[in-house]
Amino acid sequence: MAAMINLRTVALITSVALLLAGAVYLIAIRKEMEPISAAHEAAAQCLAAQGAGERDVLVEGGSFQMGGDQYYPEEGPPTQTIVGSFRIDRSEVTNAEFAAFVEATGYVTKAERGLSEDDVPGLADEYKQPGSMVFTPPEVMRGASPLSWWQFVVGANWRHPFGPSSSVEGKENNPVVHVTYEDAAAYAEWLGRRLPTEAEWEYAARGGKHGEEPSDAEGEQRTPDANHWQGMFPVLDAGSDGHKGIAPVGCYAPNALGLYDMIGNVWELTQSVYFPTHDEVQIAQMPAEGFDPAQQGVPVHVIKGGSFLCADNYCRRYRPEARQPQDALLASSHIGFRTAADVE
Ligand SMILES: [Ca+2]
């Protein structure tokens, strides 16, 4: 009898413990899944909703250490770099701003036109249709290949970011995406502006003359106040930073120069071609149109700042020194830009 009671007691305690564990787990999941954190509750806090202000800020030139050696090899070696004074947009170019450019000029983006044989000799027919690369989260984790979460979607472009049945209606203040280097440069030129160089971009992201130098002090705990990914990438975007996917521009705290979303939200195109190092001697041996060992022969530009897809468990590229190569002819659902201008 006593043995039976003991068995029942053990079973009861075990059940209660399992229930409690389950409840704690559910609470943890719910906390992770909270859609909007208090800090980002109202869209009115976002820059675009605050009304017109100065388009850009003046960045006083100076010298800084570009790159770093703490994370990825292409970020090194750290290199003392001088930049002149320049102006740079406070925020990423929005769908509304890009729409005004298209309205005024009739411009048609590369993703709307499609690639040709001249662009890429021998290109498979499926990639000649107008379209763009769209992040498509797999239902379950299938290895670590980006091929399992990037799809070329026919009909995807800046007006239809997920394909023909999607639109940017109600997303006028989101950064424009699915633009190539040429598209971004054309927009900037229309305004009498240009894209920032990588050095200018990184200097501005660090806060300029009195900004932050690379440091390993924050180490692996370095997590930004910026739109990035919480949860298990690429399956679950928990959105506990306030936004799943792309956020309207300027919803997170600006940096010391008053610049929004330099880190996170969308990667930003620069005018600089990409080499997998900052070492000038090595760069001198590489093709002038840029060089990415993973896609040799393809002209590549530097993109900066990371995106809403950067996660602790996958790509910790939400840092000023982070950089990636981007095919100059290919658009994508996580790449946008901001413009810069010379100082008179
Ligand atoms: Ca996010």
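This is a predicted model: local features need pLDDT of at least 70, side-chain atom pairs count only at pLDDT 80 or more; totals for chains, interfaces and linings use all residues.
Biologist: In what order do the strands of the open sheet stand, and what is the sense of their pairing?

Modeller: The order is β1-β4-β11, and the pairing is antiparallel. Its edge strands are β1 (56–59) and β11 (340–342), each of which pairs on one side only. From one strand to the next, the twist averages 25°.

Biologist: How do you know that β1 and β4 pair?

Modeller: Two strands pair if there are at least two bridges between them. β1 and β4 (residues 86–89) have 4 bridges, in the antiparallel sense, and therefore count as paired. Within this pair, leucine 58 stands opposite arginine 87 of β4.

Biologist: Which residues have the most contacts inside the largest nonpolar core?

Modeller: They are Val179, Ala184, Leu195, Ala204, Leu269 and Ile335, in a core of 65 residues. Among the elements that each supply at least two residues of this core are α4 (181–190), α5, β4 and β7 (267–273).

Biologist: What makes Val179, Leu195, Leu269 and Phe337 contacts of alanine 184?

Modeller: The criterion is that C-beta atoms lie within 7 Å. Val179, Leu195, Leu269 and Phe337 meet it with alanine 184, leaving aside neighbours within four places in sequence.

Biologist: Why is alanine 328 called buried?

Modeller: A residue is buried if 20 or more other C-beta atoms lie within 10 Å of its own. Alanine 328 has 20, so it counts as buried. This residue is found in the loop between β9 (323–327) and β10 (335–336).

Biologist: Which residues does alanine 328 touch, not counting those up to four places away in sequence?

Modeller: Alanine 328 touches Thr180, Tyr181, Pro299, Val300 and His301. Glutamate 182 is 146 residues from alanine 328 in sequence, yet their C-alpha atoms are 7.3 Å apart in space.

Biologist: How many helices and strands are there in the protein, and what share of its residues count as buried?

Modeller: There are 6 helices and 11 strands, and 40% of the 344 residues count as buried. Among contacts between residues at least 6 apart in sequence, 74% join residues at least 24 apart.

Conventions
Residues are numbered from 1 along each chain as its sequence is written. Axes are lines fitted to C-alpha atoms, for helices over the stretch in contact, and angles run from 0 to 180 degrees between N-to-C directions. A nonpolar core is a set of buried Ala, Val, Leu, Ile, Met, Phe, Trp, Tyr and Cys residues joined through C-beta atoms within 7 Å. A residue is buried if 20 or more other C-beta atoms lie within 10 Å of its own, exposed if 12 or fewer, and partly exposed in between; C-beta atoms are placed from the backbone. Two residues are in contact if their C-beta atoms, placed from the backbone, lie within 7 Å.
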